[in-house]
Amino acid sequence: QVQLEESGGDSVQAGESLRLTCVSSGSRFRFDTMGWYRQAPGKQRELVANIISGASANYADSVKGRFTITRHRTANTVYLQMNNLKSEDTAVYYCNAAGFYARRNYDYWGQGTQVTVSS
């Protein structure tokens, strides 16, 4: 089956930067959409950013201007560059991949990587 593996989470000070990486394996096609979600303590999971093949990226208002999502042009690999991190960015970050292929919808999740930002 398809597996998504995140890496790059760490504990940093406010104002610093991190780069998250999500690498997929086992996919038989290029996903239509890949993105990042996060879940902070006591809060529900929320969309951070995603990118659709051949289309523009989308960002949550809270991260616009600070985070940048990029995707390898051919591989199912996606990155999240996080600059000027704030304490409210503290969360577990999850990679997501989705698509429609062979008359089926596909939706996969990674296990998450912890990002902790200290003020």
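At 36% relative accessibility, Trp 109 counts as partly exposed, a class lying between buried (under 20% relative accessible area) and exposed (over 50%), found with a 1.4 Å probe on protein chains only. This is a predicted model, where local features need pLDDT of at least 70, side-chain atom pairs count only at pLDDT 80 or more, and totals for chains, interfaces and linings use all residues. Residues are numbered from 1 along each chain as its sequence is written, and side-chain values use heavy atoms, leaving out hydrogens and water.

## Rings that pair up

Across the whole structure, a search finds 3 aromatic pairs. Rings of Phe, Tyr and Trp (its six-membered ring) pair if their centres lie within 6.5 Å; planes under 30 degrees apart are stacked, over 60 edge-to-face, and the rest tilted.

One of them joins Phe 31 and Tyr 108 edge-to-face, at 5.8 Å centre to centre with 65 degrees between the planes. Phe 31 is buried at 0% relative accessibility, while Tyr 108 is partly exposed at 22%. Ring pairs also link Phe 31, Tyr 106 and Tyr 108 into a cluster.

## Back to Trp 109

Tyr 37 and Trp 109 have ring centres 4.9 Å apart and planes at 65 degrees, so this pair is edge-to-face. Tyr 37 is partly exposed, at 22% relative accessibility.

## Charges over rings

Arg 45 lies over the face of Trp 109, 4.9 Å from the ring centre. Likewise, Arg 19 lies over the face of Tyr 79, at 4.1 Å. Here, a charge sits over a ring if NZ of Lys or CZ of Arg is within 6 Å of the ring centre and within 35 degrees of the ring normal.
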